Amino acid sequence: MNLSAKSLRSDVLALPIFKQEESSLPPENENKILPFQYVLCAATSPAVKLHDETLTYLNQGQSYEIRMLDNRKIGELPEINGKLVKSIFRVVFHDRRLQYTEHQQLEGWRWNRPGDRILDIDIPMSVGIIDPRANPTQLNTVEFLWDPSKRTSVFIQVHCISTEFTMRKHGGEKGVPFRVQIDTFKENENGEYTEHLHSASCQIKVFKPKGADRKQKTDREKMEKRTPHEKEKYQPSYETTILTECSPWPEITYVNNAPSPGFNSSHSSFSIGEGNGSPNHQPEPPPPIADNLLPTSTPQEAQQWLHRNRFSTFSRLFRNFSGADLLKLTREDVIQICGPADGIRLFNALKGRMVRPRLTIYVCQESQQLRDLQQKHEDGDAVTSTFFVYHAIYLEELTAVELTEKLAQLFSISSQQISQIYKQGPTGIHVLISDEMIQNFQDESCFVLDTMKAETNDSYHIILK
């Protein structure tokens with residue numbers, strides 16, 4: 001086990017994204033012509049030493065253009081002529097320490113910024129992109145299709161800032177650098193975008209609005225104060241940032257098994273991963289009306305409950321939560337973790353809350369037995385306890401037509417057989433029921449129903465007393 005773990009660690013460290021000190025290309029690749037070139041339209045910092053990777057400052061939430069250029073020689077990659085390719089954009093950590101804990105870092109950011117994304121595409125400003133997508137479970141990733149033969153520019157927005165991931169001890173610490181990485185793929189024989197063509201990335205730091213401009217100005221002023229000999233040790237500031245070739249993102253293998261919706265799947269929603277159910281059970285049927293999570297549910301049973309109730313997006317986040325753990329979450333906790341829309345839905349599902357009707361009334365059908373009982377009471381005779389059954393009627397539209405239909409169901413007759421509905425008012429008058437009157441009923445009011453034969457055949461008047 002120790003050997004395999006060590007081997008895995010060495011494989012991970014071998015990836016170029018984990019070796020930022022080797023940012024330049026190997027000598028044999030220096031003259032290599034790459035099929036594509038990506039240009040970030042933002043100036044590089046002048047305070048970067050020669051042979052170090054460039055560093056570019058961005059403002060939080062500001063739209064920055066990345067030009068997607070076709071750099072192929074004549075006759076190179078003819079199989080993509082006239083066809084689309086797919087590019088996946090990511091904002092990831094540059095520092096090795098944060099790369100090891102990326103999932104925890106991103107979940108912590110999600111907790112503090114519910115409903116926000118780390119990376120977005122400014123679609124109105126972008127040119128030539130087709131079917132842009134943003135997976136709600138991957139806050140730092142976007143993707144789209146594009147035609148290399150046509151002008152393509154995508155405008156991206158980064159919403160996290162570098163200091164949000166700094167180990168805060170006494171304040172004033174420097175923000176951590178990020179990487180913008182682009183992976184591009186072509187179609188395979190099955191029409192899936194899984195065949196890797198090219199990957200490139202650059203180093204960035206993100207500041208609060210206008211902070212990047214101030215930082216760029218500060219770096220420029222510092223360089224102006226240096227002697228000519230010292231300036232020779234630093235590279236100049238370039239107006240744009242060229243993304244340099246790198247290895248494909250390690251998670252790129254997921255593309256084969258979990259295609260992005262809209263590109264090679266007929267489903268519009270993200271598929272649920274395998275292995276959610278117990279090995280001894282068949283796939284779960286559609287969820288029943290009442291599917292309450294129990295405090296005694298194990299973490300595995302809690303995962304199954306989340307999938308059955310359409311919360312698979314958050315199954316990884318709650319993978320170690322038992323039923324009791326989930327039920328202890330407050331409404332504020334769930335909204336902060338899942339965002340307002342899904343948070344409210346999940347909280348209501350956890351508490352087993354049914355949607356309440358707008359109005360509930362209770363009705364009891366008047367009978368001769370009830371009349372006899374009232375007569376005995378008026379005559380002063382002893383009244384034995386009698387059990388009367390009331391029926392609940394739930395109203396949503398609060399209209400006379402809806403009440404007529406519900407009473408017809410109660411009496412097992414057609415709604416056409418109910419001529420009018422009255423409410424007994426002061427001094428025994430009969431007031432015709434209207435929509436406005438129903439809307440002013442007090443919730444959970446109790447009524448005794450009396451029926452009168454209407455003038456027409458097979459028709460009744462109903463009186464609410």
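Visitor: Which residues form one aromatic cluster?

Guide: Phe93, Phe165 and Phe178 form it. This is a predicted model, in which local features need pLDDT of at least 70 and side-chain atom pairs count only at pLDDT 80 or more, while totals for chains, interfaces and linings use all residues. Residues are numbered from 1 along each chain as its sequence is written, and side-chain values use heavy atoms, with hydrogens and water left out.

Visitor: What makes two rings an aromatic pair?

Guide: Rings of Phe, Tyr and Trp (its six-membered ring) pair if their centres lie within 6.5 Å; planes under 30 degrees apart count as stacked, over 60 as edge-to-face and the rest as tilted. By this rule there are nine aromatic pairs.

Visitor: Why is the pair of tyrosine 57 and phenylalanine 207 called edge-to-face?

Guide: The ring centres of tyrosine 57 and phenylalanine 207 are 5.4 Å apart and the planes stand at 85°, so the pair is edge-to-face. Tyrosine 57 belongs to strand S2 (residues 55–59) and phenylalanine 207 to strand S10 (residues 193–207), 150 residues apart. Strands here are DSSP runs of E with at least two residues, and helices are runs of H or I with at least four, numbered from the N terminus.

Visitor: Why is tyrosine 57 called buried, and why does phenylalanine 207 count as partly exposed?

Guide: Buried means under 20% relative accessible area, exposed over 50%, and partly exposed in between (1.4 Å probe, protein chains only). Tyrosine 57 has 8% and is therefore buried, whereas phenylalanine 207, at 22%, counts as partly exposed.

Visitor: What makes the pair of phenylalanine 93 and phenylalanine 165 edge-to-face?

Guide: The centres of these two rings, phenylalanine 93 and phenylalanine 165, are 4.9 Å apart and their planes are at 80°, so the pair is edge-to-face. Phenylalanine 93 lies in strand S4 and phenylalanine 165 in the loop between strand S8 (152–158) and strand S9 (178–187), so the pair ties together parts 72 residues apart in sequence. Both phenylalanine 93 and phenylalanine 165 are buried.

Visitor: Which strands does S7 pair with, and in what sense?

Guide: Two strands pair if DSSP finds at least two bridges between them. Strand S4 (residues 85–93) is joined to S7 by six bridges and runs antiparallel to it; there, phenylalanine 89 stands opposite valine 142. Strand S6 (residues 129–133) pairs with S7 over three bridges, also in the antiparallel sense, and isoleucine 130 has leucine 145 as its bridge partner.

Visitor: How many residues of strand S7 are buried?

Guide: Six of the six residues in S7 (residues 141–146) are buried. Thr141, Glu143 and Leu145 point one way, and Val142, Phe144 and Trp146 the other.

Visitor: Why is glutamine 216 called buried, and what does its side chain reach?

Guide: Glutamine 216 has a relative accessible area of 12%, so it is buried. This residue lies in helix H4 (residues 211–225). The side chain of glutamine 216 reaches the backbone oxygen of threonine 44 at 2.9 Å.

Note on methods:
A polar contact is a pair of N or O atoms within 3.5 Å; within protein, one must be able to donate a hydrogen and the other to accept it, and residues adjacent in sequence count only if both atoms are side-chain atoms.
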